[in-house]
Every structure is written in C-alpha cells, then in structure tokens.
Amino acid sequence: MLHILWLIIKFILILLGIGLGLILLAVLLILFCPVRYSACGTKEQDDWKQITGQVRVSWLFHAVSLRATWKEGSLEKVFCLFGIPVSELLKKRRQKKAHTSEKKKETSGTGKTEKKRDTEKKRKAGNVTVESVHKEKIAELPKAEEHLKPKPEIQKPIAQEPSAEKTVSQEKKQRRNPFSSLISRIKKLFHGILAKLRNIRSTVRKITGNISWWRDFLEHPRVKAAISLVWKNAKFLIRHVLPARASGEIAFSCEDPAVTGSILAILGMTIPFHKNCVQITPLFQGENYFRGNISVRGRIYGFVFIKAAIVIYFNKNIKYVIKRWKTRRA
C-alpha cells in the first residue's frame with residue numbers, strides 16, 4: 001500500500017517539475033530571446049500609389065513570424081508558425097468541415113424520406129377517425145357560441161367637469177397680480193447671478209491653490225531627481241527600440257529651394273538617431289521630386305524593459321513622488 005502511495009506522489013512531483021520547467025523556459029525565452037523586425041520600402045515612380053514595402057516581425061528564431069506587404073495599393077498579411085502559414089491550415093479545416101456537413105446532409109436526407117413514408121401510412125390509417133371527430137366538433141359549435149355572446153356593458157358614471165366659476169376667479173387673480181410675477185422673476189434672476197459669482201470666486205481660489213501646489217511640487221529637489229531618472233530610462237528604451245541598422249538612398253527636391261534647405265537642416269539635427277546611414281542627395285531642380293529606397297533592421301529584448309521598470313519602481317525619489325501625489329501635501 002505504501003509503495004503505491006509513493007509511486008502516486010512521485011508521479012505528481014514529476015508532473016509539477018515538468019510544468020515548472022516549462023514555465024521557467026517560457027519566461028527565459030520571453031526575456032532573453034529577442035523580437036526581430038525588418039522593414040523596407042521603395043519608390044521608383046512619380047505616383048505615390050506605386051510605393052512597395054514590406055514589414056516582417058519574428059520571434060524564437062523565426063518560429064513565429066508575421067509578414068505584411070504593400071504592393072499596388074493592397075495590403076497582404078501572412079502569419080506563420082514554424083514556417084507553416086496559419087491561413088492555409090484554417091482553409092483546410094474549413095474544407096474538412098464543409099465535407100463532413102455535406103455527408104451529414106446526405107444521411108439526413110435519406111432518413112427524412114423514410115420518415116415521410118411512415119407518416120403517409122399513418123395518415124391513411126387515421127382518415128376514418130378524423131371524419132368522426134370532425135362531426136362531433138360541428139355538433140358542439142352552437143354551445144360554444146352561447147358562451148361567446150357579448151355581455152351587457154355597465155355604464156360608468158361621467159366625471160363632472162369643473163365649474164365655470166372657478167376658472168373665472170383664477171383669471172381675475174392672474175389679472176390683478178401681473179406686477180408680483182415680474183418681481184418674483186427679477187428676484188430669481190438676481191439670486192442666480194449672485195450664486196454664479198460665488199461659484200466663480202471658489203473656482204479661482206481652487207485654481208490658484210493648485211498652481212502654487214504644482215509649483216512647489218515640481219521645484220522640489222527629489223521630484224527633479226525622479227523626473228531626470230525617468231527621462232534617462234526613457235531615452236535608453238527609445239534607443240533600444242530604434243533600428244540598429246539602416247541603409248538606403250533618397251533623392252528629393254521641392255519647388256521652393258528654401259524648403260529643401262530646411263529639410264536638410266532637420267535631417268542634420270537628427271544625425272544622432274539615424275547616424276547618416278541613409279545617403280540623401282538634394283537636387284534643387286525647382287520641382288517636386290522624390291525617389292529612393294530604404295531598409296531598416298532591429299531587435300527588442302524583454303529584460304531591458306523589466307530592468308528599467310525595476311530601477312524606476314524601487315527608487316526612493318519615485319516612492320516619495322508617489323506618496324506626495326497620493327496625499328497632496330505641500
């Protein structure tokens with residue numbers, strides 16, 4: 001008996017170990033296996049609708065991948081698992097379901113014909129009984145008509161209309177007091193204006209109090225340290241997400257040469273981001289022109305985001321900011 005219990009416990013522990021191992025493996029893959037992405041696009045004609053592009057995202061050494069292509073004004077999406085497109089698997093499944101449903105319809109059709117034959121036989125056998133039942137119903141009709149005769153209606157007492165004297169007295173009162181109604185309306189308007197002015201004063205006081213609180217809150221040294229820490233981690237995450245490799249050639253020009261010059265100035269300011277990997281050639285032809293191709297690649301690791309979240313959450317300055325925000329102390 002003890003040997004059997006030990007075997008059961010051993011089997012349960014083995015299953016738990018396998019489950020925990022699979023969970024740990026999934027967590028490690030999510031953290032340390034990168035999500036890779038690549039994108040490319042080309043424009044070789046004047047029409048913007050003739051742009052072609054492709055975006056591909058993959059994970060787990062291309063075991064899970066998503067590809068989207070834009071060509072001739074149409075978008076195509078393909079999702080693959082271990083190199084097998086999921087759309088084809090779904091089509092095969094739908095075809096199997098349609099084939100099985102057709103077989104069921106054929107079998108149900110044969111069963112329905114047999115049921116119809118049985119019902120026709122039963123109808124032929126029960127024709128005699130139906131005629132006798134019909135005669136009995138015709139004999140019972142006059143009795144039923146007696147019950148359906150309408151009952152005499154009971155006359156309800158008519159409500160008496162209000163006397164004309166009361167209406168005349170009300171009209172006289174309304175004629176006598178026209179000034180009192182005007183005075184009451186003026187009083188109501190005056191009280192409403194006073195209430196609105198009081199509400200405006202209270203809102204102005206609240207706004208001034210909030211402005212002073214926000215000023216003291218943002219000028220505190222610990223709050224400034226927390227904001228700088230968040231900004232530092234945000235810049236690091238943006239650099240991590242941006243493509244690591246980029247290449248291409250672009251040639252452009254505008255009708256106004258000043259516009260091309262301003263675009264070149266902006267591109268020069270953004271060199272730390274794209275690192276001048278794309279060759280840009282301005283033409284200054286005095287017309288709108290844009291041709292070229294570009295391709296980018298990058299990867300994203302999960303542990304980078306978790307590291308940044310841990311650093312921000314366990315920082316003392318961040319905790320101070322959260323507490324002060326909840327309590328709203330000056």
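F82 counts as exposed because its relative accessibility is 67%, and exposed here means over 50%. Keep in mind as you look around that this is a predicted model.

**F82 and its loop**
- You will find F82 in the loop that links strand 4 (74–81) to strand 5 (84–85).
- Most residues other than glycine have a negative phi.

**L60 and its loop**
- L60 also has a positive phi, of about 60°, and is not a glycine.
- The loop holding L60 runs between strand 2 (52–59) and strand 3 (64–71).
- With a relative accessibility of 23%, L60 counts as partly exposed, because that value falls between the 20% limit for buried and the 50% limit for exposed.

- K91 counts as exposed because its relative accessibility is 54%.

**The chain as a whole**
- The chain contains ten helices and eight strands.
- Of its 330 residues, 11% are buried.
- The accessible surface of the chain is about 28,800 Å², and carbon and sulfur atoms contribute 63% of that.
- Among contacts in the chain with a separation of 6 or more, 64% are between residues 24 or more positions apart.

Key
Residues numbered from 1 in each chain as written. Predicted model: local features only at pLDDT ≥ 70, side-chain atom pairs only at ≥ 80, totals over all residues. Heavy atoms only, no water. Buried < 20%, exposed > 50% of the residue type's maximum accessible area, 1.4 Å probe, protein only. Helix = DSSP H or I, 4+ residues; strand = E, 2+ residues; numbered from the N terminus. Contact = heavy atoms within 4.5 Å. Areas by Shrake-Rupley, 256 points an atom, 1.4 Å probe, with all protein chains shown as cover.
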